[in-house]
Protein chains: 4
Amino acid sequence: MAEVQQKVLSGFDTNTGNTAGRLFTAGGQPNVERKGTNFLNRFSIYHTLLNMSFRKYIILILFSYFMINLLFATIYFILGADKLGLDASNSCNSSAFSNCFFFSAQTLTTVGYGRISPTAFSTNALSAFESLLGLLLFSVITGLSYARFAKPESKIMFSKNMLLVPYKGGKALMFRMVSPTDHLLTDAEVIITLAILEKRGDKMLPQFYNLTLESNKATSLPLNWTVVHFIAPDSPLANIGLEQFEALHVEFLIFVKAYDENYSNHVQQRASYMPTDIVDNAKFKPMFYRNEEGTSTILEINKLSDYTLVQA
Amino acid sequence: MAEVQQKVLSGFDTNTGNTAGRLFTAGGQPNVERKGTNFLNRFSIYHTLLNMSFRKYIILILFSYFMINLLFATIYFILGADKLGLDASNSCNSSAFSNCFFFSAQTLTTVGYGRISPTAFSTNALSAFESLLGLLLFSVITGLSYARFAKPESKIMFSKNMLLVPYKGGKALMFRMVSPTDHLLTDAEVIITLAILEKRGDKMLPQFYNLTLESNKATSLPLNWTVVHFIAPDSPLANIGLEQFEALHVEFLIFVKAYDENYSNHVQQRASYMPTDIVDNAKFKPMFYRNEEGTSTILEINKLSDYTLVQA
Amino acid sequence: MAEVQQKVLSGFDTNTGNTAGRLFTAGGQPNVERKGTNFLNRFSIYHTLLNMSFRKYIILILFSYFMINLLFATIYFILGADKLGLDASNSCNSSAFSNCFFFSAQTLTTVGYGRISPTAFSTNALSAFESLLGLLLFSVITGLSYARFAKPESKIMFSKNMLLVPYKGGKALMFRMVSPTDHLLTDAEVIITLAILEKRGDKMLPQFYNLTLESNKATSLPLNWTVVHFIAPDSPLANIGLEQFEALHVEFLIFVKAYDENYSNHVQQRASYMPTDIVDNAKFKPMFYRNEEGTSTILEINKLSDYTLVQA
Amino acid sequence: MAEVQQKVLSGFDTNTGNTAGRLFTAGGQPNVERKGTNFLNRFSIYHTLLNMSFRKYIILILFSYFMINLLFATIYFILGADKLGLDASNSCNSSAFSNCFFFSAQTLTTVGYGRISPTAFSTNALSAFESLLGLLLFSVITGLSYARFAKPESKIMFSKNMLLVPYKGGKALMFRMVSPTDHLLTDAEVIITLAILEKRGDKMLPQFYNLTLESNKATSLPLNWTVVHFIAPDSPLANIGLEQFEALHVEFLIFVKAYDENYSNHVQQRASYMPTDIVDNAKFKPMFYRNEEGTSTILEINKLSDYTLVQA
């Protein structure tokens, strides 16, 4: 079994030119629509619940809680609300149906006060089932709520623009990124993949290049990281002017991975820059400086995208 | 302590030729039966419960819930159903045994309405134990239900056939795969291991080769991925016709791994192709195209296995 | 920042010769006693609870449950058992203290029947605290019970003996291993580290060598894996007879890692062979064969350690 | 897509010299203050709760529990304490507000005795919501408490000082580390990054070097590990005296990673040494020795930082 070193694909490679539009959105999601398969194959309930907004998540839980109780309340009501005995010791001014509803809620959450409780075989059996269902449902909600709470969020922030900076007598493409959180990312690695149309036979087909960087790894990310691609003579961008980028469907796909100590796990983040995001003859402003006492370093996150124009 | 680069085994290597039948099933499970060990050594309860169908899982939980309650109900009944006091405030039209049963259910789930509740030392002690047992059992069921819900499922789909495609003046073996889900797989890698009988001494023994691929890695899988082995002169299949594959017990073992962003974890998937799965002189139909506005790409999952025959 | 390839240590390297006895136990644990540090630094409660036997774990939980309830019962009793009201509707034939005890159990598990319930400020406040404590304690027990249940167990089995087998005109050291479980281990890798006393200056000091293996990696472990170190002229064992092994404190440390699909995680397992575990002029018996229909392979786990003597 | 080997950054690299003070604290946290971003961006609630002291965590939970119950008690009280019926069977000597408070606690924890229970629509609805809220809150607290309990703690201990030891006719920098726990760390790797001011153009800028070590990897850590950088002629410290270290802002950043079998996970730990931590002409005292029977090795953790001065 020979070991072989083989070519790496970008995932968008094609010899038909059938792709269209930008390949990745600014947030790094592929600009692809999946068809011809079952909705459930494409869709992950877990993924959706894990990543929906907090507001939607809470509304969904409240709504589901209400609907499940409504369903059980209806069955209890049909079985006979009188089969849910009320403690005689207190008068109850709720209606029969609301009694059924609140009994259902007390069963589903296993709070089980007992003021309302099943007195017949039918209601007993149904509530035995409902309390089991409650435990099973809340096992999933419990896990999910905690997973949402504890979800690794790399939250690496990228500069709004990519700059074309005078550098070593030529030009370099630069963008920068920063981790705004107080816990440290380590073992960071970045890849910039350039997508560009090139003539292959008689067609213009998207080609992909991993750009050579001044440095592509950092042992930790305590400050900002400016990623630099010097447009050397061997760069695929060597003979291409910024004004041609649009026509050649140039797109820069950024892929960062790092180890997040907080979660003892690796995090990944993607971004993408389009020709309209590129500013020529500019350079980033410094975003960190010494504190007054000279004892530590101040990093200003909100200066991440700040640049100044320079003379060409 | 010297560092040494050594040979990689397929796991099915043998110098006795004692293996039989296909090595891996189409789903990628090894075609091996384990004997001579304790059932419990071979069998993982966790694995079984995690991977059984949803229907079976629910039936198993309902059945276990019923049986545990039946067991405790019997003990309460033997201890004396009168030692589970009923609230005097409501008449109860359930029988003594069903009272015991429902009390058990109310204790196991910790819903504890209290209409039925222990009044003697014996029933108090048993119910104190049962509620603890309930918490312990549901701790496992809770974790398991959530693990089932949150289980990484790579769900990579493979084309039904492997094609023998005219390519660069010769032939290439191709199959393709696609991730039907909307969340992205990244850092994908594929290995094709060829199993084939070759003469070693006076025996025909299975030999294993990792086939050289046009590309074996992809930074992401937004579209389909066609994996290509060109049958170059140095390929172990260079001088072997498709008609000999069956006799030589040819088998292609596919092994894919990728990083699933949804689960922040690596997923692995295996598949296997047999000679009867190979179609000669065919090529895959394109499965993605531009949308009408030309702003994004449409991927048709159900065309994954579609091919057309070509002239040799 | 230059990249440097540097020497790998075994972890037992010493230039004082201060180690004693076998370095690793047969189960692969280091034969080292830690002193001079706080017990809690050395000891991980989590580790202990995760790895203790099922029987001990259950006894520990039952005992803790009993003791915590006993503690709270005593406080309730001191506060006044009359401040835990009994439902008047049923006579209770339990004593005041046992009422306190069972009330505590009903509170800790949150079953809360309500037959016994707090009627005074003091008992109400204590039970409000106890139910919170119950939730916090059971959160840890829940997680732990599930972690025990779902814990990756590589359960790789090793042959009892290491054999010295006639091989390629010389001798080879061989042992074999097998995964008895039905789910597949993949990406397996093995390292054999030889520990042996050698003269350094005027002392005999333990030296460590990673032995060259015929193959040190396997893409999967569907069958048994026989690991082979051929004692070639460049082997550190080339000029050392088996009869000298004891005197030279020879020890073979086995380290295996593999990916367990069942847990989507890597598992590691260690073992160690001492000179007394080595059998000269022997070879392993085959442990797998074709089934009767010739359609699949039978693997007999209980033959793992079977060998036959061969003529030298 | 060409594969390129590129430069590794330390994360503190700068061409402006804008950093100040020591780069990492002794505990390995970067000495950087983040500004200009939303507090919530910088701060991870999860991280804070996971890493705060046990005492603070418990106080926070007790306080939150009290405040949430106070809030709900107030609403119940406003709705009308008479709408929470008391069982008539026992007199209750608590006040109306404390009844509301304890009812809230019984609902939030789902203990639900039922002595106090909702009798009106308004209180029923609120308690149905509160019990759901309780389940959701405790789902997060449950997960968090267990995560705190099960959190991988590498707890590698580092010697207080770094020594400058006569070695091979020159000098070597040495520090040592030990894992005080009884479970084994494996696959350990260490990196020492030297930060030092060097003249670049007309500025003194911090430069970073990964120091060459006698060995940078260990297959396991059963004993202590002494890490050695021999100051060879090609070392960036070759021509720099210890007395210059302070002026050149010398700082040694230590980065260790290892696999912790206990948690089936990789752990990382960082430390840093400043010029004031370095002791010239010293060597570490041995910290392990044979036990009396000569059957195993004793490791004395508290001798980790012990050294003796030697003649230069």
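Analyst: Buried area is the accessible area, taken with a 1.4 Å probe, that two parts lose on being put together, summed over both. The model is a predicted one, and in it chain A and chain D bury about 6,500 Å² between them, 54% of it on carbon and sulfur atoms.

User: Which residues of chain A lose the most area to chain D?

Analyst: They are A:Tyr113, A:Tyr146 and A:Phe149, which together make up 12% of what that side buries.

User: What makes a residue part of this contact, and how many does each chain give?

Analyst: Contact requires heavy atoms within 4.5 Å. By that criterion 75 residues of chain A and 78 residues of chain D take part.

User: Why is the pair A:Asp187 and D:Lys257 called a salt bridge?

Analyst: The term requires a side-chain nitrogen of Lys or Arg within 4 Å of a carboxyl oxygen of Asp or Glu. The closest N and O atoms of D:Lys257 and A:Asp187 are 3.1 Å apart, so the pair meets the cut-off. The count across the interface of chain A and chain D is one salt bridge.

User: How many polar contacts are there between chain A and chain D, and which helix gives the largest share of the side of chain A?

Analyst: Nine residue pairs, both members at pLDDT 80 or more, are in polar contact between chain A and chain D. Helix α5 (residues 121-150) of chain A gives the largest share of the side that touches chain D, with seven residues. The residues of that side divide into 34 nonpolar, 31 polar and ten charged.

User: What are the corresponding values for chain B and chain A?

Analyst: Chain B and chain A bury about 6,500 Å² between them, with 54% of it on carbon and sulfur atoms. On the side of chain B, B:Tyr113, B:Tyr146 and B:Phe149 supply 12% of the area buried against chain A, more than any other three residues. The contact takes 75 residues from chain B and 78 residues from chain A.

User: How do you know that B:Asp187 and A:Lys257 form a salt bridge?

Analyst: Their side chains meet at 3.1 Å, N to O. The limit is 4 Å, and therefore the pair qualifies. Between chain B and chain A the count is one salt bridge, and nine residue pairs are in polar contact, both at pLDDT 80 or more. Helix α5 (residues 121-150) of chain B gives the most to the side that touches chain A, with seven residues.

User: Why are β17(A) and β2(D) said to pair, and in which sense?

Analyst: Pairing needs at least two bridges found by DSSP. β17(A) and β2(D) have four bridges, so they count as paired, and the sense is parallel. Within this pairing, A:Thr297 stands opposite D:Val32 in β2(D).

User: What makes the pairing of the sheet that holds β17(A) mixed?

Analyst: The open sheet has three strands in the order β16(A)-β17(A)-β2(D). β16(A) and β17(A), residues 297-300 of chain A, are joined by three bridges and run antiparallel, whereas β17(A) and β2(D) pair in the parallel sense. A:Arg290 stands opposite A:Thr297 in β17(A). The sheet is accordingly described as mixed.

User: Which strands are the edges of this sheet?

Analyst: The edge strands are β16 (288-290) of chain A and β2 (32-35) of chain D, each pairing on one side only. The twist averages 25 degrees from one strand to the next.

User: Which strand of chain B is joined to β2 of chain A, and how many bridges join them?

Analyst: Strand β17 (residues 297-300) of chain B is joined to β2 (residues 32-35) of chain A by four bridges, and the two run parallel. The bridge partner of A:Glu33 in β17(B) is B:Ile298.

User: How do you know that β8 of chain C pairs with β12, β10 and β9?

Analyst: The threshold is at least two bridges. β8 (residues 185-200) has nine bridges to β12 (residues 251-260), three to β10 (residues 215-220) and eight to β9 (residues 203-210). Each count meets the threshold, so each pair qualifies. Among the bridge partners are C:Ile192 with C:Ile254, C:Glu189 with C:Lys217 and C:Leu194 with C:Tyr209.

User: Which residue takes a positive phi in the hairpin of β8(C) and β9(C)?

Analyst: C:Gly201 does, with a phi near 65 degrees, and the hairpin has two residues between the strands.

Key: Residues are numbered from 1 along each chain as its sequence is written. Chains are lettered from A and ligands numbered from 1 in the order in which they are written. This is a predicted model: local features need pLDDT of at least 70, side-chain atom pairs count only at pLDDT 80 or more; totals for chains, interfaces and linings use all residues. Side-chain values use heavy atoms; hydrogens and water are left out. Axes are lines fitted to C-alpha atoms, for helices over the stretch in contact, and angles run from 0 to 180 degrees between N-to-C directions. A polar contact is a pair of N or O atoms within 3.5 Å; within protein, one must be able to donate a hydrogen and the other to accept it, and residues adjacent in sequence count only if both atoms are side-chain atoms. Ala, Val, Leu, Ile, Met, Phe, Trp, Tyr, Cys and Pro count as nonpolar, Asp, Glu, Lys and Arg as charged, and the others, Gly among them, as polar.
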